[in-house]
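Here are my notes on this one, point by point. Keep the viewer open while you read.

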Amino acid sequence: MIYDVVIIGTGMGGLTAGALLAKRGLKVLLLEKGSQPGGYVVSFRKEGFTFDATGVFVGGCEPGGEFEALLREVDVHLEFKKINTIRNIYPGFEIALRSGGFNHYIERLKAIFPEEKRGIERYERTISRIGAEVKALSGITWYEKALFPLLFRNLVRFSPTTHEAILNSLFKGNEIKMALSSLPVTVPPSQLSFLFVATLLNKVISEGAYYPRGGMGVISKALAGSIERRGGGIRYRTEAARILTRGNKVTGVVTTEGEVIEAPTVISNVSLPQTFQRLLSGGPPSSLARRLNRFEYSLSNFIVYLGVRGDAELNSLPFFTYLRSISDLEEEYRMLRKGEIPENPTLIMVVPSLIDPSLAPEGTHAVKLLSIAPYGYRNEWNKTDRRSYQAVKEEVAQRLITHVESRLIPGLKRKILFHGAATPVTLERYTGNEQGAMYGLATTPRQFGRHRPPNRTSIKGLYLAGHYTRPAHGIVGAATSGSFTARTILSKRNG
Ligand SMILES: Cc1cc2nc3c(=O)[nH]c(=O)nc-3n(C[C@H](O)[C@H](O)[C@H](O)COP(=O)(O)OP(=O)(O)OC[C@H]3O[C@@H](n4cnc5c(N)ncnc54)[C@H](O)[C@@H]3O)c2cc1C
């Protein structure tokens, strides 16, 4: 059978592209090396508990929101619960919310830092001006494209700007700068694209963050279901080994089993190095070859999964706690890039069973701790020797548990029924993201907006989807990349 489109990988990007193309009647086939759809967005069960392998929340799920609209387009209707209880703890101060969303967070900042009120208001205004331009971008005509620098002044102006430059220009104190830097990124303010921050705050988390009933994995399963209902195929435990080309044109994919699957269009939902250096016969196009080695990839993560006996204290925890003990974000990043993990690393604790009790047996809670981590820690986690690897993994897990016990949940260790952990090596093994890069390509000014690799490549019929391409990382970012890719393919077919 010849397919219209073969998609390599069932991450958010691949699934979204597949669901949109299948809905328009194209014959699509997705190849997934793992045993379930979703890439990073999967859940697993252990001793009656449901844990999400990686993510903690998703934005844009309010009616008409970015993600809700995408899901609705492919007839996926899920129940999302709003995350309202949030506690961000910084050295010397904290911000607790009972109603989530960027706007509520900003109001709290104004109350805590009245002397910074003018700066906060200017920050808000700049963010919303950029948001309006990003929104207008989706329906842009060729005429408006020609007038881009005039019509999209803020996008042009802030394209090279880092978040640090904006924070320094608007605020005096370091505390408020820190409070505005607890974002889902792995690079520090000096390297973070301000346009990305503005887009994220405007389009994704302005109305708050959400959690899907049943766990993160239901999102991927629902998208896979949408593809299959429309006749699309998904083959699990099937790994792509080569993307075939003739001249400068894609002709199909070969699996590691040697099966040749013909298709004039291939979407790669895997990393840039894998796509261009390993899968593509003939190697990367010259325009990309040099850039490939110079890209900055995001750091990885270390995750601890805890089954915990519940009690009044556990029941009164917020859904989301951000705990930062180090004030110097730049120094913390330098340590991580050197392959070190700080003694008291910044971490996130989430308790999804507080808003979805079906995730843990009665009287217990599913707790997850996450901390940004380097792949290079202790000689790449001693990954070549199973016992040493387990020992390093356990040492870091205990470090995070002890940190949480001393700062957030006294007596935690006595309440733990079991624990498990995932290292950057685990993330790499399951998803093929090199070095367990949690967000794919880092969102620096040089790798965001028009500087990020486009969804269409210079090889005819080869497209990209996922967190290494436009627009960005994250569940919504990767899903949106899938929609960009699908729409480009459809518009080309339609003339
Ligand atoms: C610890 C952690 C926490 C996170 N928290 C959040 C969060 O709270 N909210 C949020 O929005 N985002 C979060 N993210 C980021 C988000 O999950 C990712 O940016 C996004 O899901 C990436 O999607 P993707 O489409 O790029 O595909 P990926 O998830 O990278 O999936 C790629 C897929 O391709 C498959 N594959 C690889 N190679 C092959 C091959 N040769 N043949 C066939 N299949 C192949 C893999 O098995 C995998 O299924 C988090 C990420 C991590 C790691």
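1. Start with Gly92, which sits in the loop between strand 7 and strand 8 (93-97). Bear in mind throughout that this is a predicted model. Is Gly92 buried or exposed? Gly92 counts as exposed because 9 other C-beta atoms lie within 10 Å, and the cut-off for that label is 12 or fewer.

2. Asn84 is another loop residue, found between strand 6 (80-82) and strand 7 (86-90). Asn84 has 17 other C-beta atoms within 10 Å, so it comes out as partly exposed. Once neighbours within four places in sequence are set aside, the contacts of Asn84 are Arg98, Ser99 and Gly100. For a sense of scale, Asn84 and Arg45 are 39 residues apart along the chain, and their C-alpha atoms are separated by 26 Å.

3. That brings us to Arg45, which stands opposite Thr50 in strand 4. Strand 3 (residues 43-46) and strand 4 (residues 49-52) pair in the antiparallel sense, with four bridges. The two strands make a hairpin, with two residues between them.

4. Which residue in that turn has a positive phi? Glu47 does, at about 50°, and Glu47 is not a glycine. Most residues other than glycine have a negative phi. Glu47 is exposed, because 11 other C-beta atoms fall within 10 Å.

5. Glu380 belongs on the list of backbone angles to check too: its phi is near 55°, again positive in a residue other than glycine. Glu380 lies in helix 16 (residues 377-382), whereas the place of Glu47 is in the loop between strand 3 and strand 4. With 18 C-beta neighbours inside 10 Å, Glu380 is classed as partly exposed.

6. There is a cis peptide bond to look at as well. It joins Arg470 and Pro471, with omega at about 5°. Most peptide bonds are trans. Pro471 is in the loop between strand 20 (462-464) and helix 20.

7. Helix 20 (474-493) turns up again around the ligand, where it gives the largest share of the shell, four residues. How many residues surround the ligand? There are 42, and the closest are Gly9, Gly11, Gly39, Gly432 and Gly466. Besides helix 20, at least two shell residues each come from helix 1 (12-23), strand 15 (300-309) and helix 19 (424-431). By type, the shell splits into 19 nonpolar, 20 polar and three charged residues.

8. On domains, the chain is divided into domain 1 (5-41 + 216-295 + 445-493), domain 2 (101-205) and domain 3 (300-431). Domain 1 and domain 3 each put at least three residues into the shell around the ligand. The centres of domain 1 and domain 3, taken over C-alpha atoms, are 31 Å apart.

9. Strand 1 (residues 5-8) has Val5 and Ile7 pointing one way and Val6 and Ile8 the other, yet all of them are buried. In a regular strand the side chains alternate between the two faces of the sheet. Strand 1 runs parallel to strand 14 (residues 265-268), joined by four bridges, and Val5 stands opposite Thr265 there. Strand 1 also runs parallel to strand 2, again with four bridges, and here Ile8 stands opposite Leu31.

10. Last, helix 11 (residues 217-229). Its 13 residues reach 18 Å from the first C-alpha to the last, close to the expected 18 Å. Of those 13 residues, 10 are buried, among them Gly217, Val218, Lys221 and Leu223. What do the buried residues of helix 11 pack against? Their partners are helix 1, strand 2 (28-31), strand 3, strand 4, strand 9 (209-212) and strand 10 (233-235). Just after helix 11, Gly231 has a positive phi of about 90°.

Terms used:
Residues are numbered from 1 along each chain as its sequence is written. This is a predicted model: local features need pLDDT of at least 70, side-chain atom pairs count only at pLDDT 80 or more; totals for chains, interfaces and linings use all residues. Two strands pair if DSSP finds at least two bridges between them. Domain bounds come from an automatic or database domain assignment. A residue is near a molecule or strand if its C-beta atom, placed from the backbone, lies within 6 Å of it. Ala, Val, Leu, Ile, Met, Phe, Trp, Tyr, Cys and Pro count as nonpolar, Asp, Glu, Lys and Arg as charged, and the others, Gly among them, as polar. The expected span of a helix is 1.5 Å times one less than its number of residues. A residue is buried if 20 or more other C-beta atoms lie within 10 Å of its own, exposed if 12 or fewer, and partly exposed in between; C-beta atoms are placed from the backbone. Two residues are in contact if their C-beta atoms, placed from the backbone, lie within 7 Å.
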